[in-house]
Amino acid sequence: MTQVAGNRAAGEGRFPAVAKRLTGRLEVRMLGLALLIALSLSILSPYFLTTNNLLNLLDQSVVVGIVAIGMSFVILTGGIDLSVGSVAGLTGVVLGLALQRFDIPVSILLAVLSGGAIGLFSGVLIGGFGLASFVVTLGVMAIGRSLAYIFSGQTSITNIPPALNDLVYTTVFGVQTNVITLLALYAIAYLYLTHTKGGRTVYAIGSNREAARTAGLNVLFYSILPYVISGALSAVAVTLLSSQILSIDPLAGNGLELDAIAAVVIGGASLYGGRGTIIGTLIGVFIMVMIRNGLNLMGVSPFWQGSAIGGVIIAAVFAERLLSGDRMRR
Amino acid sequence: MTRSWPGGTPPGHFSPAIFPMNRSDVNTQPAALLEARDITKSFAGTKALAGAHFALRGFEIHGLLGANGAGKSTLSRVITGHLARDGGTLTYKGRPLAPRSPREALEAGIAMVMQETSLAPDMSVLDNIFLPELGRPGRLSYATNRRRAAEILDELGHADDLSLDQELRNLSAAQRQLVEIAKALALNSDLIIFDEPTASLSPGEVERLFQVIIRLRNAGRALGFVSHRLEEVFALTDRVTVIREGRTVAESVDTASLNQSELIRLMVGREIGAIYTARHVVPAKRGEPILEVRNLRLPPMVTDVSLELHRGEILGLGGLVGAGRSETVEAIFGLYPGAGGTMKLDGVAFAPRSPTEAIRAGIGFIAEDRRTQSIIPDFTVRENLMLAHLGAHRGFGLGYRARQARVDELMTMLDLPAHRLLDDSMLNFSGGMQQKVIIARWLLLEPKILILDEPTKGVDIGTRSSIYAILREIAARGVAVLVVSSDFQELIGLCERIVVMSDGRSIASVPSALLDEEKLTLFAAPRSSMARNLDLLRGLAQNHGGAAFWAIVDENRVFCLHTTVSDRDADPGFGAGATPRFEETRIGAALRARSAAFVREPDSGLASLVVQVKSPRGHDLGSIGVVLPPGLDLPEAAAIQARIATVFEAIQ
């Protein structure tokens, strides 16, 4: 440990200031990694760097990308939300059942509200009663999936109004609305986290909860809010997924929590909270989707993809640890 | 106020010609058991140690001195394996020593009594005393351990009031400290470092501890004694080593060859008088208090605290570690919404349910532990500075821009470099700089009341005096300032009035002009450890049918620690915490007379006997007085004096 510190101190003097400022920013380093992966994939596969495939990449990023926003909020406060996948499954079923009786907008609203309500439940237990987020969301994960099966009658809901398709396949300047929704949500999340009291409070809670409380920040409210956002965004994600395939499966979103957590972590966020950016998360999502897409293009067996993604997660976090050289945090 | 010394050598940095600092001198002495040379240690870029030396030999008690944050504890922890050093050499019994863990140091025979105790709250006293044994191979002998633990507690004078089976979480701060000490003694180590072992002990317990330490020395052990209390250092140590800002500035000097002012100069690098300049003149009459606290209760730490704080006043809240001072101010700030008692802010009932409410009502609070209670490590310095603003802010956005002009002003006022506002983290700043930023955080809100808990903990001496200057300046502008500190010198130098706390109670509110450190120490002594003295008072009052008191009696004032009245006619006219002049009491003549016999008051006819008491080591412990109503036959003075003497000889 002492060795590393010494090397770092020696290296600092030689680094030009601008380069240091740039590499000092986490998003820049992650963007570099993303471009490196993109470059290697375009060399390995002639199909990677085509307009079609790039639009395809964006399309594939939508579901995990939207869920990863909520996950970023939760992880920034130092928590974790394991329930996003099953909340997506359950709210999908809510959407499907609602569509049998109500208009499309009302149904979507109901799905998003129920997602938010589940998040509120977890959030109150975690933020209000101090239960461990891991345990609470693990429980909600099991409950959500079980309810999804019960409410759906263990089958897919397929009689969905085709008009729902417009939610995804309407294009603006050749870009699908689901991609626009994704980018708009990221823009809003970015502005919220960097330019509002609530956003900064989320960071402060994750970095030092006690200090945030002593400075008069509303720690209770902003410890709960991220879970509400996470639950609601899971519903948004499953809505876009259902619109695309016009079928709702109670199994939808299975394993989504792991992809979302991976994206946030690859994006440089600390699981201890307080550190990470929403731009980093978006880059993390792209890195994951690119690897999966690239391996598909090269015809690598899907069974190997898990190993590849897992390897990237560990490598990214390890590299980040070495680069930032931050050993003070517990 | 100077922060750098133009000559390069700070004043008070003694050259080797005056104090031996080179090896050859040391080698003429008996060989050192432990020798630490040029030890360096940094935390996140801050140098805690930058070339510290320390040598310990058997048959000695060696004081390790330095101001707050000088690096005493860090050096002790390096020696005892709690921290790994960055550089330097450690030699123990002639061989190089590099303990990678406290365990390795213990095996070698080096133990430490920690300042922040290293005990397991859920385990019993016995288990805690033998906690280090758990790391050793082999079976534990329960019966032997129990006997041995009982012996150690007896030695410390606590065999009867500290049960071996009590759970540690139910003990007071002083009792925990005693368990920590017992734990180190149980190890039977050759070398023990005591890191501020007296911070939460009463004078009587300190006496007992000193006797134990002296006995260990006479048995040939090497004992390090870390402290910033000079009177203890003079009373106990054979030699001293002084560190300042991570460097040894005087090594292994005979304690007898030093006097107090030399030692202070070594510790702080200049005359201490300069820090506490421009002492406030106490105004004769203050208006209505801005904050009034009545019977504040927050079990288990706070049982009954009352205080009044006025505009433009600097009020001190003093007491030993564990007396409940931090909990008191945290409750005022709304951190414990369940606290009992009443508070009034500007005459209106005030019961904050959260810090936010307290902040919006105009209270600022600088907590004791910067790292855990104040600093957001992932925020830039600027955002850290804005944090309380964010807490008070009502809008959706940040509202930083509206505050920027005031931030610039504060940066100038506090002498902080503006370009470091955008630094990524405050953790690379020195303790003094960090504290200034936290102070700026609260001054930004222009509070009516500013509460500071240990404002100069881990702050260098230069910044210390500028913090004092700032506090005086804002007080002069009408801000009410409440300072919590265990540094009695600081309290007396900075505050106009001091509210003294002991065992969760406020027991006196005294103008600091009347106090010195000795009086404050006696006032602050935990009541729990004075049980025998209070029993004595009760006995005296009842047996003789009058009243008895325990007080410090100086030239013209009484500082009353406790009064017991059995017969109302014999009331001496002052109760616990009162500090009346002689003529304001009912026994002025007796107090003035300083006689060894009963003295009768010319006007009221009350008869009083005042007996000075000292500890077995000659420490002044005030006076015990017996007051009898007029018309009673006087008992024999000598018998009463003997009775008092017996209690104080077997002190606590």
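This is a guided tour of a predicted model, stop by stop, with something to select at each one.

Local features are described here only at pLDDT of at least 70 and side-chain atom pairs only at pLDDT 80 or more, while totals for chains, interfaces and linings use all residues. Residues are numbered from 1 along each chain as its sequence is written, and chains are lettered from A in the order in which they are written.

**Stop 1: a helix in chain A**

Select residues 133-152 of chain A, which form helix H7. Helices (H or I, at least four residues) and strands (E, at least two) are DSSP runs, numbered from the N terminus. H7(A) has 20 residues and spans 28 Å from first to last C-alpha, close to the 28 Å expected at 1.5 Å a residue; the expected span is 1.5 Å times one less than the number of residues.

Now colour the buried positions of H7(A), among them A:Val136, A:Val140, A:Met141, A:Gly144 and A:Ala148. A residue is buried if 20 or more other C-beta atoms lie within 10 Å of its own, exposed if 12 or fewer, and partly exposed in between, with C-beta atoms placed from the backbone. Look down the axis: the buried residues of H7(A) fall within an arc of 160 degrees, so they line one face of the helix. That arc is taken from the directions from the helix axis to the C-beta atoms. An α-helix has 3.6 residues a turn, so residues three or four places apart point the same way.

On the other side of H7(A), A:Val135 and A:Ile150 are exposed.

**Stop 2: where the chains meet**

Show both chains: 27 residues of chain B are in contact with 21 residues of chain A. On chain B, helix H11 (355-360), helix H12 (370-374) and helix H14 (387-392) each supply at least two residues of the side that touches chain A. H14(B) gives the most to this side, with 5 residues. By class, the side of chain B that touches chain A has 16 nonpolar, 8 polar and 3 charged residues. Ala, Val, Leu, Ile, Met, Phe, Trp, Tyr, Cys and Pro count as nonpolar, Asp, Glu, Lys and Arg as charged, and the others, Gly among them, as polar.

**Stop 3: a mixed sheet in chain B**

Next, find the open sheet of 6 strands in chain B, ordered S6-S7-S8-S3-S9-S10 with mixed pairing. Strands pair if DSSP finds at least two bridges between them. Strand S6 (110-113) and strand S10 (247-254) of chain B stand at the edges with a single partner strand each, so one side of each has no neighbour in the sheet. From one strand to the next, the twist averages 15 degrees.

Zoom in on strand S3 (residues 60-65) and strand S8 (residues 222-227) of chain B, which run parallel and are joined by 6 bridges. B:Glu60 stands opposite B:Ala222 in S8(B).

**Stop 4: an antiparallel sheet in chain B**

Move on to an open sheet of 5 strands in chain B, ordered S22-S21-S25-S24-S23 with antiparallel pairing. Strand S21 (residues 547-553) of chain B and S22(B) pair over 7 bridges, and B:Ala548 stands opposite B:Thr564 in S22(B).

Axes are lines fitted to C-alpha atoms, for helices over the stretch in contact, and angles run from 0 to 180 degrees between N-to-C directions.

Then select B:Gly575, in the loop between strand S22 (558-565) and helix H21 (588-593) of chain B. B:Gly575 touches B:Cys560 and B:Thr563, leaving aside residues up to four places away in sequence.

**Stop 5: backbone details in chain B**

Most residues other than glycine have a negative phi, and most peptide bonds are trans. Select B:Pro299 and B:Pro300, joined by a cis peptide bond with omega of about 5 degrees. B:Pro300 is in the loop between strand S11 (291-298) and strand S12 (302-309) of chain B.

B:Asn295 has a positive phi of about 50 degrees and sits in strand S11 of chain B. End at B:Glu454, where phi is also positive, near 45 degrees. Is B:Glu454 buried or exposed? B:Glu454 counts as buried, with 22 C-beta neighbours inside 10 Å.

Notes: Contact = placed C-beta atoms within 7 Å.
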